[in-house]
Each structure stands twice: as C-alpha cells, then as structure tokens.
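Hello,

Here is the structure we spoke about, handed over for your own reading. My notes follow below it.

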Amino acid sequence: MAWLPLTLSAAENAVEYFELLFKMIETEDARLFLTVRGCLSSICKLITQEVNSIESLERSLHIDISQGFILHKLIELLGKFLEIPNIRSRFMRDDLLSEILEALIVIRGLVVQKTKLIGDCNRLLKDLLDSLLQESSDNKRQFIRACICGLQIHGDEKKGQTSLFILEQLCNLICPSKPESVYLLVLNKAHTQEEFIRGSMTKNPYSSSEVGPLMRDVKNKICHQLDLLGLVEDDYGMELLVAGNIISLDLSVAQVYEQVWKKANIQSSNTVANSTMLPTGATASARDCPPMIVTYRLQGLDGEATEPMIKELDEDREESQDPEVEFAIAGAVREYGGLEIILDMIKRLRDDLKSYHEQLIVVLNLLMHCCKIRENRRALLNLGALGLLLETARRAFSVEAMEAAEGILLIVEALTLEANESDNISITQSGLTITSEETGADEQAKKIVLMFLERLSHTSGLKKSNKQQRNTEMVARILPYLTYGEPAAMEALVDHFDPYLQNWTEFDRLQKQHEDNPKDESIAERAVNQRFAVENFVRVSESLKTSSCGERLKDIILERGITKVAAGHLRDTFAVAEHPGYNKSTAEWTQGLTLPSVPLILSMLKGLSMGHLSTQTCIDDGGILPLLHALEGVSGENEIGARAENLLDTLSDKEGNGDGFLGEKILKLRHATRDEMRRRALRKREELLQGLGMRQELSSDGGERIVVSRPNLEGLEDVEEEEGVACMVCREGYTLRPNDLLGVYSYSKRVNLGVGTSGSARGECVYTTVSHFNIIHFQCHQEAKRADAALKNPKKEWEGATLRNNETLCNALFPIRGPAVPLGQYVRFVDQYWDNLNALGRADGSRLRLVMYDIVLMLARFATGASFSSDSKGGGKESNSKFLPFMIQMSRHLLDQGSSSQRRSMARTVSSYLTSSSDSRPSPSSPLQPSGGTEETVQFMMVSSLLTESYEFWVQHRRAFLQRGIYHAYMQHSHSRSLPRDRSGSARSSESTSTSGSGDLLPIIQPMLVYTGLIEQLQQFFKPRTSIAAASSSGEGTSKQAEGDDENGLESWEVVMKEKLLNMKEMVGFSKELLSWLDDMTSAGDLQEAFDVIGALADVLSGGYKSCEEFVEAAIDAGKS
C-alpha cells in the first residue's frame, strides 16, 4: 500500500501492480486490516489528488486517451473496500463522503479531458453514492451535509451547472420520483373484421412503455403498424375493447389495466371456482394477472355497438402520508445550515431572473420541499425568508417570469399560514423592509399588501395565460395572511375593494352595457376592471380561515357595510319572493337569475360567513334565508343553485366544523318545502288515480294498495287469464294458444371441467346455462327478429333479444313443451337450440350427457351460493329455480328419444357406481375427474338416478349417495388446501387431517349436503311415493295412451313424472317450495339440523351411529381405506 501514491505518475504502467493488489485484498480480513491502518482515507485523498490533477489539464490542449486509468482503478479499489458493512460505517463516520461528492462534481464538469475512462469513473462514483444512500437514513443525512458543503463551495459560480447538479440531488433525495409501472398488452383484431382489416399485431405482448401512456397511443400504434394512417388523427374511426367494454381513448393504460382488466379477470376467476366447485388451483390467481387483451375494430362495421362505454375512471390516488413523516429528512437541511445557503442563492439569483431562471426554479423546488415540515417553516420565518420571497415575487412579476412567480407564491402561502398560526413570530422577524427607512410592523405589513394589490390591479386585458391566471388567484388567496392581523394592512386591503362592493346595481348595469356594446373600449375597460376586482375579492373572502386574523378582517368588512349591501341587493333583486305563493316563472324572477352579480354575491357571502357569527346574524337579519332556500333549487349554467346550497350548508354547519350557527332555521325551511312537495305529489297522484277510476286504500296488513273504484271496461270479467307461463310479447300462453311452442331466453357458456377422463390435459368441455326466465313464443321471437333487422340501425338477433330480456344477455331460446304441443314441433326447436349451443364451441358427449351436466352445474350454483348473473348480467335464484324443472324436461325428452337400451344402460351405470369397490372412487388429486371404474362424478350420478330410477330406489340408496358425496367434498377440500404444498407433502397432509368437530366439518360438506337435498326435493316433486309393485300394471297402460306407440315399457313413476313435466302451473310453482327449502338448509347450524332438513336423518342414524358427526367421519374413513 505504501507504493499506491506512486501509481499516480505511472499511469498504465501500474496495471500489474493493481492486479496484484486486488488479489491480495480478496479476503475481508485483509481489507479490514488495511482500513484500521488508515488505508480508506488515503484512497480518498489520492482520488481527490488525481481529480485535481486531471482538472488542471482541462485548460490545456493536451489530450490523452488513456487519461483516467489510475482514477478508475482507485475508484474500483474504494468500491471493493465499501462492499463490507463495517468499512462503509467507518467511511461515513470519517466524513469521507464530502471528498467523493466533490470528486464527482469535478468529473462531471470536465469537457476537454473527458474520455471513456473518465465517463466510467463518473458512473462508478454515482453508483457508489446511490448504494450508500439506500443503506440508511443516517447516510442520507450525511449526503445532505456533503451537498450543503458543495453548495458553499460552488454556489457563486457563474455557470451554475455544479450547483444545479447538487440541488437536483437534494430534491431527488428529499422527494424521490417514483417509477411508472409497465403493463403488457395483447392487441387482437375483432374476429368479425378479419376481411376488413389487413394484417395483425404480430409482436404480442406489447409493453406500455413502448406504446405510450394513453389508450389513444395504443390506437395510434395499431394504426401505424397496420398502415391505417387515416385513422391516426381520427378518434372515432377505431374502437378499443377491454373485458367487453368500449374504452375511451382519453383514459390511461394504467387506469384501464388496474380498474377494468384486472377487476374483470379476478371476478371471472372467482366465478368459475364458485360455480363449478373447482379446487382453488384450477383457476388463475388474482396476483398473476395476465397481459391485458385489447380488441380493436373499425367502428360501425358490425352495426351499432351494444357494449357499455367507459368514459371516466377514478384517478389513481395513493394513500396520503403525513408530510411531517414523508419529508422528515428535509430537517437535515435546516440542521446543517442549508436554509441560509438557499436564501442566499435566491438573493443572488433574483438580480437576473432571465439568466438564472432554470437554477432559480430548482432552488424554489428544493425550498418548497423543505417547507413541508413545520420546523423548517418556522426557521425560514425567523431568517426573514418571507420578505425576501415577496420582493423576489415582485421582481418576477415585473419581468413576467410566471413559473418562478408561481413557485414563490406557493412557498409564501405556506409561510404566511404558519406565521398567522404562530404567536411568537411577528412581521418584523419574518418581513423584509421594502424601503430603506425603518418602519413599524403595521406599516411594513401595509406596504407588503399594497405591493400585491398593485399586482392585482393590472388586468392585462381579458387574455391571460394559464400561469398568469393561477398566479393572480394565488395572490388573492394569500393577501389576507400578508396583513398579519395588523389594522393598517387590513384597512388598506378593504379600502382597495370597497368602492367596487357598495353599488351592485351599478355593477350589473355596467356589465350589461359591456355585453350590449362589446366594441366600446372605454366601457369594456371599466367593466373588466370592475369584474376583475370583484372576482378577486370573492377569492379573498373564500380564503379567509377561522382564525384571529380572519375574524378581525371579517369584522372590518362587516363594519364597512359590505355584507349588508350584498344581502340587500339580493333581497331587492328577488323582491317577488317576499309575496306568498309567488311564481318562479315570472319575468322579475327570471331576470334576476341572469344578473352577473348574484353568483358572485353568493360565493362572497359563503366565504365571509364561515365561522363568523356576526356575519351570519347580518344575513339572518336581512331576511334572505327563505330566498336562499328558493335559489338552491335553481339549475343553470351560472351555478346559482349550487352556490346558494353551499352557502346554506355553511350557515347550517353541515360539515360539523362549527362554521355555522343557523342550522335549526335552515332545517325548518327545508323540511317545510319537502313536506309541501310531498303533499302536492300525493294530490297529483290521487287526481290521476281518480281519472283512471281507481283509489288508494289501506290493506289488511297495514300497507297501502290501489283498487278499482268503478270499473268502466265492458267485458272485463269475461277475459280469460293465463295460468303458469305466458309470452312476454302477446301475453298469451298454453291456455289461449295450446299448440304454439314457448321458449325461455337463456344464456349458455362453454366451460372446462378440468382434466379429462382419458387423462389428457385438455379437459372435458360442457355447457352451463342460466336464465332470467323471460318467456316468449318462438313465433313472436321470429317476428321481433325481423322487426329488429328492418330498423334504420339494424340489430342482430340476440341484441334485440337482450333488450326484451330485461337487458340480460342471452344467446339461445330454450324450448318448454306444453301439454298439447306436437312432439315434432318440440323436436325441431330442440335441434335449433343445440345448433345455437354448438356455435359456442365444441363440447364433449351426447346431448343428453351435456344437458345432464348443465343441470349438475345449475344445482352447483344453488349449492355453493355462486352468482347466476356474473356472465349474463341479470337473473338470480328465483328466475333460475323456475328454469330448472324445464331443463329436467328436456333431459327426460332426450332420454326418451333414445332406445330403451339407453335407459337400461344408464340405470345399470348408477347401480354399478353404488356397488363399485373403493378403487372406483374419485382420485384425491382431481376431485371432479371420473376414475377408471366409473365415468362420471357423484353429482352426475345423482342426476342420473333422478332420470332413470324410482323414488324408492333413491330412498334405498340415499345413504350411499350421501357417503360418496361427503367423501368427495372432503377430498376436494383437502386437495384445494394442500395445493400450495409440494406434491409429496399434499397426500400426507390430507391423510392426517383431523375430521373431528361438527364446527369444522359442516362448512366443508355443506355444499354437497345442499346439493343432495336439492336432488331429494326434485325426487319428491316428480315421482310418486307408492311402491313399484302396486302401480306397475296401471302405469303401463296409461303410458301407452299418453304418448303413443314409442312409449312402451314405462313404469308407473315414469308416467307420473311425464305428467308433471307437462304441468306448467306446478312446474313454475315448484320454485317457491325449492327456495323456501333452500333458505332452511343454508341456515342450518349443525350437522344434525342439516340432515334433518334434507330428510335423511333416519338414514344417518340407522347404521348404528350415535351422532351425525360419527356418520360423517365414518364416510370419510371408509373412502380413505
């Protein structure tokens, strides 16, 4: 190490030396030993010496491409030492950070001697500093100290680039910028427009950082890549769809991803898991949200859009943090004397605002961060920062440096609020003497106020930039606090505005003249000046806080009669309101609403009355509360109604902040108006009912009902009413049109059950159907379809059907067969229904198997409580409980259409399932997958027994179904709970899970118990409870008469079931019984109550089991063994 200083003159000849040195310090012990011997400070001194040597060559014309080799090695050596935490602590404790920061500053300023090695040195030092800052807050404080030292050294440089760099480092440290999230987008073309849009987006997924922040950028990216350049500037030529919604192009990609796509993806995953009773692992995790799929299409090619349009979304607002905590590190700037240096820099930079504009903006930005904490604000006030900033603001206004002026005013606003809240800080401490002579605090505050009032007096015409307008509003907002409660300053403030506020009639007259003669320059100037002054006073009044300073200023305003004059002008303008029963449509009332003074007075009174009892008393004494109440019901562009309502809310202390004292009076006014409107509405309703020959009366249960008082329709009693089901268009059903087939609008979706029976990963696909149970004749549907197609903006078949279906999505018409509907007609429309389903995609199995699985999934929704409307946007438990019997009607029809061997085969399958050995139970690894011994699940077998076996068979084997179902539910629960574990551990965990405790078992098996109970209710509804032997002979003959020569061999229970399936009234009425039973079942508190509601308690306790819990545990143990 003693030779290390000699390397400064050796340059690249020291390569072998550094290689040897790096090998010798590979161990931590070696580096710790050298640190104790003072090596760390030696390296920093050598870095400083080498940097100064390179800087001295900056003014020469000598350039060496190898310049910086030794510096690079020294920085690498320092980085090697700082890899060890203890050495980093020693480095910070010895205050070596300032030397490294100074070296970085010098390197960044090199121009002539800047080589590739010098650039690498710059990067290495920057990375080294960043790594130290991320380690602890103490390191950050040391860095702030080093930066302040750097400002002391380089603050007076003319170029200012060095100080600008240091200021930016401080700003980034105190308030670091947060990186924007990056989202992946998959851009797909609408499948209906393959022929219209050439090409496709072939580089999916695209990054939002590459595309742009807005959805408009996404559209433009598509247009550029697909050569649709004519649509780049057209916001209406192309539509973007996300999750079935048309997205406004003004929305950001982040908003759409987080609030539309992510939300829809999570809901879809949860719906699939709940409705199909799939294990947790079978659905996508909410944390692993896939790339957002954006579908693009040309607008209008597919007809009128039916998807909802999303135009606005909530802004992404992060949780607000206490500034005292968020900006706590800014306290170090004060502790190390940084505030004084910043103020000195402002004092120097304000002399030439044009030249130093960029540097001043960064200084003000840093000072704004420092003002976030109270101690810094107090320190700045004690240092006289307020006066310095006010003078700087005056100079900024004089040279139209609006950006700098805006930053200064923001800081001034924070400091003035602090000064007015602090009792121990006076104007003489925090102000700056405007003139050279000594003045008192009162005169000093007055001069400051007059200085800014002069700024407000310059209207600069009607055209103002946004920054100028913001600065003017900000000046008006901080003016009350610049008075510091000094009487002379307050008087000066009020004196400036008083002439404009004493004659509101003249104000309205002058504004009307200007409106009638806009080209008259003298009138325009006076009107603009007057309105400008009044608007500024409104801003002043709205900024007055409930403080001692604000109270005194409001007292002065009240003493000048400004409040009384304004209230009197309102009363005189709307004098018609003082007459009882006045009409708001009169010319006097309407003309008063158009006066420009009215909205300004309402806003001014709101600000002046906030928390000020005397002002509110003046308003009350003026008798304008009823008028204000009348005005709050006015709607229009000048916002009179909203402003009057805000004023009344302030007077009544609606927010509960103690700002209002007239709450009781205003409440009485509002209640009286509400009661009067209610009485008028009742009288109007009675008149309408009377005209229709009706009246309203009390019903027996205490409610109200409408009855016909004098029927005036001839033949009304002869009209025949429909029973059961009726068409929603013609209101006729099977009573009036017995031969015309009815259908139910339904919505079907193709779903995957999981791993297929063959073991392939593809899985079996079936359909799941829901309905809002809106019924229509197939003939009425066809007529409505033709009418929709003939519209000026034609609708597709299912777009029009969705409107008729109570805005519930539908894609099929499910046929329901009445008693007299010809079989051929029913068969034709059943085929049409399955053609619609086949258009949704391929499904596995025969129609009978698919409709049986449809019933299984429908019952699973009832059992698990899953939503029926998540996909169709309508329909619930009640409508789908009416729809369920008709699904069984179709399944029985499909079963009868097959051969008798098909029925016998299904019956044998159920029997073999019940008698199969334990190796045919569902595998724990896939609870819904059929195993080798049987081809279907226990839920499917229950539906099979409903279609192929008698009620006596069901009762005989109900216990076996329960046992299989309980084991299935338990294994499904164990599988889903063990999914996150490794494969070897999951089996052991499921085997060792304790099954004791009713409280633990009931939630696990309750969905399966509900499912079994639903099958029990359907069995009891469709099938007789008599013995098979007693009814077989009579049933056979009846069936032949009922259905013809293809119905041979039916058992008596089948005859009864077929008759039930054609009884529309009973089929629809079964819904109430089913839902009542479901309510009882879901409210069961323990296993015994649940089995009792099912009706299987005797089955459970008949096998020698002492309790239901013992039966459940035995079923689970039997399945495991």
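This is a predicted model: local features need pLDDT of at least 70, side-chain atom pairs count only at pLDDT 80 or more; totals for chains, interfaces and linings use all residues.

Salt bridges

Asp94 has a charged partner: its side chain forms a salt bridge with Arg90, and the closest N and O atoms are 3.1 Å apart. Arg90 is partly exposed as well, at a relative accessible area of 27%. The structure holds 45 salt bridges, and I describe a few others here.

One of them joins Arg395 to Glu391, with 3.3 Å between the closest N and O atoms. Both residues sit in helix H18 (residues 385-398), and because they are four residues apart there, about one helical turn separates them. Arg395 counts as partly exposed, with 24% relative accessibility. Glu391 has 9% relative accessibility and therefore counts as buried, since buried means under 20%.

Another salt bridge is formed by the side chains of Arg670 and Glu632, at 3.0 Å from N to O. This pair links distant parts of the chain, 38 residues apart: Arg670 belongs to helix H33 (residues 663-691), while Glu632 lies in the loop between helix H31 (625-631) and helix H32 (640-651). Arg670 is partly exposed, its relative accessible area being 23%. Glu632, with a relative accessibility of 16%, counts as buried.

Salt bridges can also be linked into a network. Arg892, Asp896, Arg903, Glu1054 and Lys1058 are linked in this way.

Nonpolar cores

Which residues have the most contacts inside the largest nonpolar core? They are Ile47, Leu78, Phe91, Phe452, Trp589 and Leu628, in a core of 164 residues. Helix H19 (residues 402-421) gives the most to this core, contributing nine residues. To see what such contacts look like, select Phe452. Leaving aside residues up to four places away in sequence, Phe452 touches Leu390, Ala393, Phe397, Leu409, Val475, Leu479 and Leu482. There is also a second, separate core, which has 112 residues. Leu859, Ala969, Met971 and Leu1009 are among its members.

A three-stranded sheet

Three strands form an open sheet with antiparallel pairing, in the order S10-S9-S11. Why is one side of S10 and of S11 left without a neighbour in the sheet? Strand S10 (765-777) and strand S11 (812-816) stand at the edges, each with a single partner strand, so one side of each has no neighbour there. From one strand to the next, the twist averages 40°.

Strand S9 (residues 742-752) and S11 run antiparallel and are joined by five bridges. As an example to look up, Val744 has Phe814 in S11 as its bridge partner.

Two helices pack on the sheet. Helix H36 (residues 823-838) touches S9, S10 and S11, and its direction makes about 150° with that of S11. Helix H37 (residues 847-864) touches S9 and S10, and its direction makes about 80° with that of S10.

Regards

Conventions. Residues are numbered from 1 along each chain as its sequence is written. Side-chain values use heavy atoms; hydrogens and water are left out. A nonpolar core is a set of buried Ala, Val, Leu, Ile, Met, Phe, Trp, Tyr and Cys residues joined through side-chain atoms within 4.5 Å. Buried means under 20% relative accessible area, exposed over 50%, partly exposed in between (1.4 Å probe, protein chains only). Contact means heavy atoms within 4.5 Å. A salt bridge is a side-chain nitrogen of Lys or Arg within 4 Å of a carboxyl oxygen of Asp or Glu. Two strands pair if DSSP finds at least two bridges between them. Axes are lines fitted to C-alpha atoms, for helices over the stretch in contact, and angles run from 0 to 180 degrees between N-to-C directions.
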